[in-house]
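I opened the model and kept notes as I went. The entries follow in the order of looking.

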Amino acid sequence: MNNDIVEPFPDSQISNAFRAHADSGLPYDISESELQILQDSSIGPQHPAYRHLPPFLSMHDAYRRLISRHQGEESSPDWQAALRRYLEAMSAQYGSLDLPIKMFNDLDTLIFHSDLKHRVNMRWETCRRVGLCRPYETLLGITMAPTNWAIPRIRIRINIDVDWRKVPRTQLIGTVVHEMLHAYFYVHCGVAGQRDVVMGGRMDEGHGVYFYAAGRQLERRWRLTLFDPQDPTGLC
């Protein structure tokens with residue numbers, strides 16, 4: 001879900017309490033420094049880890065870039081190592097709260113050509129759904145565009161209020177990839193996926209033709225659940 005329906009909010013005590021650390025939680029091969037960069041909401045252009053956005057592409061070109069498979073990239077040691085960690089992490093049916101954050105860089109390497117690394121800030125948070133025609137549904141996550149004031153980087157928040165213990169790992173990680181897909185279109189197009197909107201059918205204000213097509217392809221390739229299975233439109 002994109003930021004058009006939720007007001008930006010500062011980090012809360014809940015968000016701070018559920019930070020992932022390399023030496024605790026589920027074991028995963030990622031450094032503490034990378035986890036800190038991913039979860040630090042204050043990193044901006046003055047920070048050495050900050051990455052500026054590239055020149056914008058059309059939605060079509062960004063979509064083609066995403067789904068293209070580069071043989072050289074996939075045969076690289078870094079990509080193969082990320083794939084091994086991904087397959088091992090996905091072998092269990094259910095996940096934990098620190099796993100999606102620890103997997104972020106590997107998901108970026110495998111799926112998004114490493115375009116999101118250090119450009120996205122991701123944390124757990126209590127998420128509120130505002131202004132929708134279906135107000136009783138549960139918001140799984142939100143993605144907010146960077147601003148010149150409060151949000152220096154693209155911001156992903158996954159809803160801590162969901163009982164993720166009852167959610168298959170394929171949907172937990174699929175929810176993260178869904179929000180990363182919004183972030184990908186922010187990086188390359190400056191929008192979360194809504195500019196190509198086709199009203200009616202399976203499209204809505206936040207998920208247009210290219211977003212939906214890309215999401216379904218990612219679901220098939222990586223065997224994830226990017227769209228809420230309880231939503232008949234598949235676009236939650």
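**Entry 1: strand 2.** Which way do the residues of strand 2 (residues 141-144) point, and are they buried or exposed? I looked at the side chains of this predicted model. Gly141 and Thr143 point one way from the strand. Ile142 and Met144 point the other way. All of these are buried. Next I looked up the pairing. Strand 2 runs antiparallel to strand 3 (residues 154-159), and 4 bridges join them. I picked out Ile142, whose bridge partner in strand 3 is Arg157.

**Entry 2: strand 1.** I moved to strand 1 (residues 120-125), where 6 of 6 residues are buried. Val120, Met122 and Trp124 point one way. Asn121, Arg123 and Glu125 point the other way, and these too are buried. How many bridges join strand 1 to strand 3? I found 6, and the two strands run parallel. Val120 has Ile154 as its bridge partner in strand 3. I noted that strand 3 is therefore paired with both strands, parallel to strand 1 and antiparallel to strand 2, since at least two bridges make a pair.

Entry 3: I checked backbone angles here. Most residues other than glycine have a negative phi. Ser114 has a positive phi, near 60°. I placed Ser114 in the loop between helix 6 and strand 1. His118 lies in that loop between helix 6 and strand 1 as well. His118 is not a glycine either, yet its phi is positive, about 65°.

**Entry 4: helix 8.** I took the span of helix 8 (residues 209-222) from first C-alpha to last. Its 14 residues reach 20 Å, close to the 20 Å expected at 1.5 Å a residue. Then I listed the buried residues: Phe211, Tyr212, Ala214, Gly215, Leu218, Glu219 and Trp222. What do the buried residues of helix 8 pack against? I found helix 3 (59-67), helix 5 (77-89), helix 6 (99-111) and helix 7 (169-189). Arg223 follows helix 8, and its phi is positive, near 55°.

**Entry 5: the whole chain.** I counted 8 helices and 3 strands. Along the sequence the pattern is α-α-α-α-α-α-β-β-β-α-α. Of the 236 residues, 53% count as buried. The accessible surface comes to about 11,200 Å², and 53% of that area belongs to carbon and sulfur atoms. I also looked at contacts between residues at least 6 apart in sequence. Of these, 73% join residues at least 24 apart.

**Entry 6: confidence.** I left pLDDT for last. The chain mean is 83, and 78% of residues reach 70 or more. Over residues 3-7 the pLDDT is below 50, and the model gives this stretch 11 contacts beyond near neighbours in sequence. Residues 129-134 stay under 50. For residues 129-134 I noted 11 contacts beyond four places in sequence. Where pLDDT is low, the predicted coordinates should not be read in detail.

Methods
Residues numbered from 1 in each chain as written. Predicted model: local features only at pLDDT ≥ 70, side-chain atom pairs only at ≥ 80, totals over all residues. Heavy atoms only, no water. Expected span 1.5 Å × (residues − 1). Buried < 20%, exposed > 50% of the residue type's maximum accessible area, 1.4 Å probe, protein only. Contact = heavy atoms within 4.5 Å. Areas by Shrake-Rupley, 256 points an atom, 1.4 Å probe, with all protein chains shown as cover. pLDDT = per-residue confidence, 0-100.
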